[in-house]
Each structure stands twice: as structure tokens, then as C-alpha cells.
Amino acid sequence: MDDVTGAEQTRATTPDAGGPAPRRVAPPWEPPMAGDEVAHLLGSLERMRATFRWKADGLDADGLRTRVGASALTLGSLLKHLALVEDLYSTVNLDGSSPGLPWTEVDWEAAPDWPFSSAADDPPAELYALHDAAVDRARGRYARALSAGGLDQAVAVSDDAGEHPSLRRMLHDVLEEYARHVGHADLLREAVDGRVGEDPPDDWRPGGAQEA
């Protein structure tokens, strides 16, 4: 066995009329073909992050404000909501630390749906930057936590009975948040410009807002 791994191996060993197909370099969000539990859990989360970000990518203000049917959801509001999810889970829920700005300046009692209700007033570039920065911060926090204590460690958040979930359970909750909203993003992006598909193209990388 040579050093071809994962999806590269699948593609490389598929014959065609001219011999083996060219080796494919797997995109950075593709989970491993056969890794350990941490690699698969984080890999699945990265794939959901990338799929959502691709569905929201490269739009102007009108595109980010597009709605479908009676729903108030937009791609802009989902960018802001998932930025909160990234920061909240990787601070307050993980170790009890502060999520930082802009979240600490919000009056959550007066505006519990603030990420959804305020996104329409934000410039597209700010929404993309907010989400991307929150993802980067969360990656670093989870990597440090996993290095220090692994998936079985208890995290700071607890339920009404005082039970603390493991980091494994909490990361599955983050993955569930993305899986839920990727489905919403599928419908919203198709309504904006017809973009459909399960995964980003291999050469896609997150961009910014579309020029007005």
C-alpha cells in the first residue's frame, strides 16, 4: 500500500480506458476514510461547516436577506446565529469563559432572537467575517481542550439536574446545529440563484460578499 489515503485512494484505484485515474487530493473538509473517533467527529463537523459556508458564500445584501415562504430565516441570519453557536459552545459551554464581543453587549432578555432579528442590518462582509472568525476561534479552543482532556472530559455547562455532558456529547450538539441549518441553507440558496449540490467543489474556499 502506498501513501494514497482516503478519497484519494478511492479515486486512484478506479480504472478507466487509459489506466488508473489521476489521484485526487481530498479537500480539507472531507472526513478521513478510516480515522479515530476524534478525527471522524471533527471531520464531520468540518464538512458541515464547509457545506453551510458554501451555501451562504459570495452573496450581496439582497441575497443574504432572501426568505422562503413564511419562514423568517435567511442566510444572513444563519451566518450570525452559527457564529454565536461557535463562540457560545467553545467558551461558556466548554469551560465557562466569556464568549466576548459582540455577544456580551446584547440584552438577551429584551432580544432573545437578536442574531436572527439583527442580521438584516449588517453589511454582508461583516456577517461573513463574524462567522469565519468564530469558526477559527472554536477550532483552536476545541483542539486545546481535546489535547488536555480528550472527548470524555466533562464540560462546564450542565442541565437542570446538574449533570455535565462530555466534550464528545457537546461536539455532537454543535454538529447537530450545523446539520439542521445546512438543510435550511439548501432551500434558501436555491431560492437566491439556483445553487444546489451536496458538497462544495473540491477547489472551493470561503470568499466574501458579492460586490454591490
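Helices in this tour are DSSP runs of H or I with at least four residues, numbered from the N terminus. The structure on display is a predicted model.

**The whole chain**

Seven helices and two strands are present, and their order along the sequence is α-β-β-α-α-α-α-α-α. Of the 212 residues, 39% are buried. Among contacts with a separation of 6 or more, 67% join residues 24 or more positions apart.

**Colouring by confidence**

Next, colour the model by pLDDT. The mean over the protein is 89, and 86% of the residues reach at least 70. Helix α1 (residues 6–12) has the lowest confidence, with a mean of 42, whereas α4 has the highest, at 98. Select residues 1–15: their pLDDT is below 50, although this stretch makes 25 contacts in the model beyond near neighbours in sequence. Where pLDDT is low, predicted coordinates should not be read in detail.

**The largest nonpolar core**

Now select F52, Y142, L167 and Y178. Within the largest nonpolar core, which has 34 residues, these four touch the most other members. Two or more residues of this core come from each of α2 (37–56), α4 (75–95), α6 (124–149) and α7 (167–193). The greatest contribution is that of α7, with nine residues. A separate core of five residues lies apart from this one and includes A83, L84, L130 and A134.

Centre the view on Y142. Which residues does Y142 contact, leaving aside its neighbours within four places in sequence? They are R49, E86, Y89, S90, L94, M170, L171 and V174.

**From Y142 to L94**

One of the contacts of Y142 is L94, a residue of helix α4. Is L94 buried or exposed? Its relative accessible area is 10%, which is under the 20% limit, so L94 counts as buried. Beyond its neighbours within four places in sequence, L94 contacts Y89, R141, Y142, A145, V155, A156, L167 and M170. To check one of these pairs, draw a distance between the C-alpha atoms of L94 and V155: the value is 4.9 Å, for residues 61 positions apart along the chain.

**The other end of α4**

Stay with helix α4 and select L75, which also belongs to this helix. L75 has a relative accessibility of 0% and is therefore buried. Once neighbours within four places in sequence are set aside, the contacts of L75 are K55, A56, L59, L64, A185, L188 and R189.

**Two loops**

Move to the loop between α4 and α5 (114–118), where P102 is found. Display the backbone here: the peptide bond from L101 to P102 is cis, with omega near 0°. In general, most peptide bonds are trans.

Then select A154, in the loop between α6 and α7. With a relative accessible area of 54%, A154 is exposed, because the threshold for that class is over 50%. Its contacts, apart from neighbours within four places in sequence, are H164, P165 and S166. A C-alpha distance of 8.9 Å separates A154 from R168, 14 residues away along the chain.

**Helix α3**

Proceed to A61, in helix α3 (residues 61–64). A61 has a relative accessibility of 23% and so counts as partly exposed. The C-alpha atoms of A61 and D121 lie 9.1 Å apart, and the two residues are 60 positions apart along the chain.

**The largest pocket**

Finish at the largest pocket, whose volume is about 220 Å³. Which residues lie nearest the centre of this pocket? Select E46, A50, R53, R139 and P206, which hold that place among the 14 lining residues. The elements giving two or more residues to the lining are α2 and α6. Of the elements, α6 gives the most, with five residues.

How values were computed. Residues numbered from 1 in each chain as written. Predicted model: local features only at pLDDT ≥ 70, side-chain atom pairs only at ≥ 80, totals over all residues. Heavy atoms only, no water. Buried < 20%, exposed > 50% of the residue type's maximum accessible area, 1.4 Å probe, protein only. Contact = heavy atoms within 4.5 Å. Core = buried A, V, L, I, M, F, W, Y, C linked by side-chain atoms within 4.5 Å. pLDDT = per-residue confidence, 0-100. 1 Å grid on protein atoms, 1.4 Å probe; cavity = no way out; pocket = protein on both sides within 12 Å on 5 of 7 lines; lining within 4 Å. Points joined across faces, edges and corners; volume = space filled by probe spheres on them.
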